[in-house]
Amino acid sequence: MREAPRQMTAQAERPGAGEGEALSDPGSDEADRPRHDTKSTGPGLLVAVLARENLQRAWKRVKANKGVAGVDGLDISQTAAHLRTAWPTIRDQLLTGTYRPMPVRRVMIPKPGGGERELGIPTVTDRLIQQALLQVLQPILDPTFSKHSYGFRPGRSAHDAVLAAQSYVQSGRRIVVDVDLEKFFDRVNHDILIDRLQRRIGDAGVVRLIRAYLNSGIMMDGVVQERMMGTPQGGPLSPLLANVLLDEVDKELERRGHCFVRYADDANVYVRSKRAGERVMSLLRRLYGELRLTVNETKSAVAKVFGRKFLGYAFWVAPGGTIKRRVADKPMAAFKHRIRQLTRRSGGRSMTDVVERLRLYVLGWKGYFRLAQTPRVWLELDQWMRHRLRAIQLKQWKRGATMYRELTTLGAKPGIARQVAANSRRWWRNSGMLLNAVLTLEWADKLGAPRLS
């Protein structure tokens, strides 16, 4: 499996193997960096995509991302074995424009708020080629995007977008034009997207290859369906193509001097009055309409900032008029629901297993919502989670005699231990009163229970 990238890329660099093979000497000081000028978008771009070190980097990324097999049924290791013999033919097809990507495999995943999201999973080979394309195109295209765009861009994150939004609200813009595009990734118009790409990329081979990926179709229940529009989420190129298409709207908003933040297809424009917001909403309907995109009127609105959420966060006004961040109501409710699932007293799992699962989830959630400026809420959630752990512990001890023995071993006074043991079936009530002095914060820390505060 480790030999596949070497053999594959050695074929790619073999002198005389195809057009543009003689790049630079392998022993030169350029061997450790991409062999293309990131400012050039001319006909050498496809050769740069197929350069040895670019393919090696792409393969490492695909392996690191793991992921499942596509419609060919080949996983990472099986694809590595396949490419040892198939890559020279694939490479020739890529250079001559005759390569035809396989259809993506349709996978439906549940959305946090209900419903399902469609993913299109390419084969591992096509993920490799798309990743190689991304590594060459992103350094060229990304610097041309609006500074107000934050989604799927190097050095930018959802946290940066939230902080930018907060600064606009702090400046007095308390009305938000919150725009949600209806099934954006499913409704991208191929012709419009290719037109926008051709304005930025001068290599016809690269544009032709991207068009082939857009037209590759999607397999559902063993039947391949032709895809006339859309760029399903799941492939490495999809986010970059989304930014290429939507940058046009960003630039028009910039030209008009608006304060806005966009993360993928989620855009918020901040204004000072409802009337100004309505004008911006009309403008956005027209601009997105020109791209054959539809604003989801149910989810979009012109409203006060404090009644809306953005990327899971909401804003509140602290004493003195300072705008601060908090977790929005919907993700907070989802968090509590998940904690209840993980800490069910009827789960039949050991305390160690419960705490480990809880830890993995809470630390991941905390990593994303660490910008929230609500220390009191964090303390209350920590207390609530410890309460639930104490209830599990009591139930696992089951009998009053066991409770008495374990509590006294932990240092509880005999009177407290007897009182808890006498009500041995009242796990929730006991775990929130007398037990606080015995199964303390230190006890929870020794278990490895996570903390938000």
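## Before you start

Because the model is predicted, local features need pLDDT of at least 70 and side-chain atom pairs count only at pLDDT 80 or more, while totals for chains, interfaces and linings use all residues. Residues are numbered from 1 along each chain as its sequence is written, and side-chain values use heavy atoms, with hydrogens and water left out.

## The mixed sheet

Let's begin with the open sheet of four strands whose order is S2-S1-S4-S5 and whose pairing is mixed. Helices (H or I, at least four residues) and strands (E, at least two) are DSSP runs, numbered from the N terminus, and two strands pair if DSSP finds at least two bridges between them. The edges belong to S2 (116–121) and S5 (223–225); each has a single partner strand, so one side of each is left without a neighbour in the sheet. On average, neighbouring strands here are turned by 45° against each other, direction ignored. Axes are lines fitted to C-alpha atoms, for helices over the stretch in contact, and angles run from 0 to 180 degrees between N-to-C directions.

Strand S4 (residues 218–220) runs antiparallel to S5 and is joined to S5 by three bridges. Within this pair, Ile218 stands opposite Gln225.

## The antiparallel sheet and its helices

Six bridges link S3 (residues 175–180) with S7 (residues 266–271) in the antiparallel sense, and Val179 stands opposite Ala267 in S7.

Contact here means heavy atoms within 4.5 Å.

## Cavities

Searching the whole structure turns up three cavities of 30 Å³ or more. On a 1 Å grid over the protein atoms alone, a cavity is a set of points where a 1.4 Å probe fits but cannot get out, and lining residues have an atom within 4 Å of a point. Grid points are joined across faces, edges and corners, and a volume is the space filled by probe spheres set on the points. The largest cavity holds about 160 Å³. It has 16 lining residues, and the closest to its centre are Gln130, Tyr213, Arg227, Thr231 and Pro232. Helices H8 (204–214) and H9 (238–255) are the elements that give two or more residues to this lining, with H8 giving the most, three residues.

The second largest cavity has a volume of about 70 Å³. Residues lining the second largest cavity include Leu46, Tyr99, Arg100, Arg208 and Ala212. H8 again gives the most to this lining, with four residues.

## A buried arginine

Arg196 sits in helix H7 (residues 190–200). Is Arg196 buried or exposed? Its relative accessible area is 13%, so Arg196 is buried; the cut-off for buried is under 20% relative accessible area (1.4 Å probe, protein chains only). Setting aside neighbours within four places in sequence, Arg196 is in contact with Val244, Leu245, Glu248 and Leu291.

How values were computed. 1 Å grid on protein atoms, 1.4 Å probe; cavity = no way out; pocket = protein on both sides within 12 Å on 5 of 7 lines; lining within 4 Å. Buried < 20%, exposed > 50% of the residue type's maximum accessible area, 1.4 Å probe, protein only.
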